Structures are given as C-alpha cells and as structure tokens.
Amino acid sequence: MINKVWDQILKDEFQKDYFRRLGVFVKSEYKTKRIYPEYEHIFDAFRYTDYDQVKVVILGQDPYHGDNEAHGLSFSVREGVAMPPSLRNIFKELQNDVGVKRTQTDLTDWAKQGVLLLNSIMTVVKDHPLSHKEKGWEIFTDNVIRKLGKRKEPMVFVLWGSYARSKKNLIENSNHKIIESVHPSPLSANRGFFGSKPFSQINQFLKENNMEEIHW
C-alpha cells in the first residue's frame, strides 16, 4: 500500500476501526470537494522515505490548502507555485545556518535522503485550513511518531511550533535528538525560529552517529 517496511510496521493500524472510518470519510470528501493533496499523493511521505530509511522527521500540522501547492510532503510545494511564507522563512534560516541558497520548493530530494516530511493531518479542503482536523489522521500519525520514537536507530525529530511540540511526549527513546522552536510562520519566526540553526544541528547529529549528512 505504501512502502515495503512501512506496510509491515503499520499493517495492524490499517485494520483498526478508526482507520477504516477515516478511509470512508476521506474517499467521500474527494468525491464531493476539492481536496489536497491529490488522492494518489496522500502517502507520498512514506513512499519516498521508508521506515528503516528515516533519519529526520520534520512534522507539520496539515497540508497547504491553496491551488496545486500540497503534494504529500510537509512544508513542500510543487515547483512553479508561489513559495508560501513559512517555506520562505525555512529557506532563509537554511541559508543563514549552512550557507545553502535554495530556491527549489519541492522538497522531494530531502525525502529521498531520509527526511520524513510528515503532516499530522494528511488532507485538507481547498482554502479551508484544518478542515480535516479530528477525523482520525492525528491518531494515525501519532502512532507513526510513537513507532519511530521507539526505534533503536537514532534519528532527529524537528518540532516547529506549539502544535508540533505537543507531540514531544510520543518520542520515548533517548537515542533520538529533538530540535524544537517556534514555527517558521511570519507570525512567530522572529521569536526564535531565526537563529535556531536546525539544519547544522541535524547534520552534526547524523555525523556523530555515523550517518550520511543531508544535502540541503
């Protein structure tokens, strides 16, 4: 359904009543409304980054809700679409932190290197943020975070903003590194996101644990 190892890790999850109800709800929404991302891209974060390949988790809340923006990866938008303010600030911090001047808005290359770009709520109605809140997605993604949080192999969890930081208690294994700050949104970026240096921290941790660093 998703990816070889994830399918094994999540097979019991897919059989639970809440997930079946979520599936019925989501299919109905796609038939009657404009939903993002496109149906076939809902699980792309898992397709590009299998369970045993995860080195970094960057947690978002729900997908971008504008035309043709969301494509299944948190904070990432399709090429050719106007860059959202949060992503612009992420790239500003990226340049200030590690000197990478990035203009490519599609973050698939990060995902292919082991960065799980996971939205807690995985679908949204066009122009209606948080419209699929409390429909079951949070149960599913919380359990994904729990499973990763228990994994023996170390990884980095990046929690930007109060919502993402509320998931910190799901991460049990002290082998993992947690990087947290305010959200990169223009409303909060100046209150601690800028200057937080998450990208150099991530690569330093990976280097210390004999893993290949991310090419941002």
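**Questions on a predicted model**

Me: What is the volume of the largest pocket in this predicted model?
Reply: The largest pocket has a volume of about 580 Å³. Its lining has 34 residues, and the closest to its centre are Q61, D62, Y64, F75 and H183.

Me: How do you know where empty space is left?
Reply: A probe the size of a water molecule is rolled over the atoms, and that shows where empty space is left.

Me: What makes up the lining of the largest pocket, by class?
Reply: There are 20 nonpolar, 13 polar and one charged residues in the lining.

Me: Which element gives the most to that lining?
Reply: Helix α7 does, with four residues. At least two residues each come from β2 (56–60), α4 (85–98), β3 (115–119) and α7 (161–165).

Me: Why is β3 called largely enclosed?
Reply: Buried means under 20% relative accessible area. Five of the five residues of β3 are buried, so the rest of the structure largely encloses this strand. Both faces are covered. V115, L117 and N119 are buried on one side, L116 and L118 on the other.

Me: What makes β2 and β3 a pair?
Reply: A pair needs at least two bridges between the strands. β2 and β3 have five bridges, in the parallel sense. One of the residues to look at is L59, whose bridge partner in β3 is L118.

Me: Which residues have the most contacts inside the largest nonpolar core?
Reply: They are W6, F46, W110, F140 and L148, in a core of 66 residues.

Me: What is F46 in contact with, leaving aside neighbours within four places in sequence?
Reply: Its contacts are I2, N3, W6, L10, L116, L118, M122, F140 and V144. Among them, L116 and L118 belong to β3.

Me: Why is M122 called buried?
Reply: The cut-off is under 20%. M122 has 4% relative accessibility, so M122 counts as buried. This residue lies in the loop between β3 and β4 (124–125). Beyond four places in sequence, M122 is in contact with Y36, P37, I42, F43, F46, P63, W137, F140 and T141.

Me: What is the peptide bond from Y36 to P37, cis or trans?
Reply: That bond is cis, with omega near -5 degrees. P37 is in the loop between β1 (35–36) and α3 (44–48).

Me: Why is R21 called exposed?
Reply: Exposed means over 50%. R21 is at 56% relative accessibility, so R21 counts as exposed. Its place is helix α2 (residues 17–32). R21 and K135 are 114 residues apart along the chain, and their C-alpha atoms are separated by 8.5 Å.

How values were computed:
Residues numbered from 1 in each chain as written. Predicted model: local features only at pLDDT ≥ 70, side-chain atom pairs only at ≥ 80, totals over all residues. Heavy atoms only, no water. Core = buried A, V, L, I, M, F, W, Y, C linked by side-chain atoms within 4.5 Å. Buried < 20%, exposed > 50% of the residue type's maximum accessible area, 1.4 Å probe, protein only. Contact = heavy atoms within 4.5 Å. 1 Å grid on protein atoms, 1.4 Å probe; cavity = no way out; pocket = protein on both sides within 12 Å on 5 of 7 lines; lining within 4 Å. Points joined across faces, edges and corners; volume = space filled by probe spheres on them. Nonpolar A, V, L, I, M, F, W, Y, C, P; charged D, E, K, R; others polar.
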